[in-house]
Amino acid sequence: MFACGSRRLAQALLAKARDPCVRQSAETQIAPTFVSSARHMSSLFQSSSAKTFKQSRANKEGLSYALDGTLRDGSHDMKVFGLGYLRSVASNSAYIHFATSMYFWYKAMEENFDTLAANDSNAAMAKVWTEFPELRRAPALKADLAHMGLQPEQLEMSPATAEYVRAIHRAGERSGDALIGHFYCRYFADLFGGSMLGYPTRVAMRLTEKPAFYCFSDVVESDRKAYIESVYRKINEVGALLPQETQKMVVEEAKAAFRHNAAVYSEVLPRALPSMHAGAAIGAARIVTGAAWDVVSSQPKKSSAL
């Protein structure tokens, strides 16, 4: 009964959110309800990840501690990322934009990591990357786009995505060590909370399976807490060999990476992406609707009495 009621409510709100007359004022009419969903999502992320974060020993010292300072000083705005995620499941075009953007920036990072590892295996970032090859994400995103009937070569980067990709390449050209900041920004986000988004994405987009991007190998999933700790330890190990100025540069690069991520998450494109709050409202409604349908469809059908 709850599922049916939630489904009807979400369908009504979704229809309202899609009304062109209403969308212009969505921030005042619809979004306040669903902005709370983004905040709730943030709280869920924090509650599920905070324990691992707080119990870690490796992130209380060294370069890991300095990088985690970007979370303490507000460089990482959870509200932007929460709302941006909700908007990414507001429509097929929004989801494709999000997956495409991630594909291009992960591809840029991983190409730089691979080049560095091939040319200088003693480089700090090369040592991190070669120890955790299972973190590679670009192939999974390519598979997710293929599931939507698309190939990355057919798609163009949005302006914010292109700027982010250029920043990654500039970091690689300037100093391979700077890439640690980009690695930290994206892969720790995936390890701490990204996998939680697989189910809401699947139901919102009516996918038969959870997107490959949100699935990690058993090497990670068998003991995620221990795995995260090992990544922190490795960053400290390579960071200890870097001069203080280089370590500061890595942290500044992580802050820049967060800013680029926020720009992509909040980017508005005509006829493709609505404003952040209006898109988040639609996305949240799709998640509620999809989850309700998922519950109803998974229940065994009652046989009709003869």
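## Salt bridges and nonpolar core

Lysine 107 counts as partly exposed because its relative accessibility is 32%; that class lies between buried (under 20% relative accessible area) and exposed (over 50%), computed with a 1.4 Å probe on protein chains only. The model is predicted, so local features need pLDDT of at least 70 and side-chain atom pairs count only at pLDDT 80 or more, whereas totals for chains, interfaces and linings use all residues. Residues are numbered from 1 along each chain as its sequence is written, and side-chain values use heavy atoms, with hydrogens and water left out.

The partner of lysine 107 is glutamate 111, with which it forms a salt bridge, defined as a side-chain nitrogen of Lys or Arg within 4 Å of a carboxyl oxygen of Asp or Glu. Glutamate 111 is likewise partly exposed, at 35% relative accessibility. Helices here are DSSP runs (H or I, at least four residues), numbered from the N terminus.

By this rule, eleven salt bridges are counted.

| Pair | N to O distance |
|---|---|
| Glu111 and Lys107 | 2.8 Å |
| Arg166 and Glu163 | 2.8 Å |
| Glu253 and Arg174 | 2.5 Å |

Arginine 166 and glutamate 163 are three residues apart, about one turn, in helix α10 (residues 159-174). Arginine 166 is partly exposed at 42% relative accessibility, and glutamate 163 is partly exposed at 28%.

Glutamate 253 forms its salt bridge with arginine 174. Glutamate 253 belongs to helix α15 (residues 244-266) and arginine 174 to helix α10, so this pair ties together parts that lie 79 residues apart in sequence. Glutamate 253 is buried, its relative accessible area being 10%.

The largest nonpolar core contains 74 residues, and Trp105 and Phe183 have the most contacts inside it. Such a core is a set of buried Ala, Val, Leu, Ile, Met, Phe, Trp, Tyr and Cys residues joined through side-chain atoms within 4.5 Å. Helix α7 (residues 92-119) supplies the largest share of this core, 13 residues. Leaving aside residues up to four places away in sequence, phenylalanine 183 touches Met109, Phe113, Met125, Val128, Trp129, Leu135, Phe188, Val231 and Ile235, where contact means heavy atoms within 4.5 Å. In soluble globular proteins, nonpolar side chains tend to be buried together.

Conventions:
Helix = DSSP H or I, 4+ residues; strand = E, 2+ residues; numbered from the N terminus.
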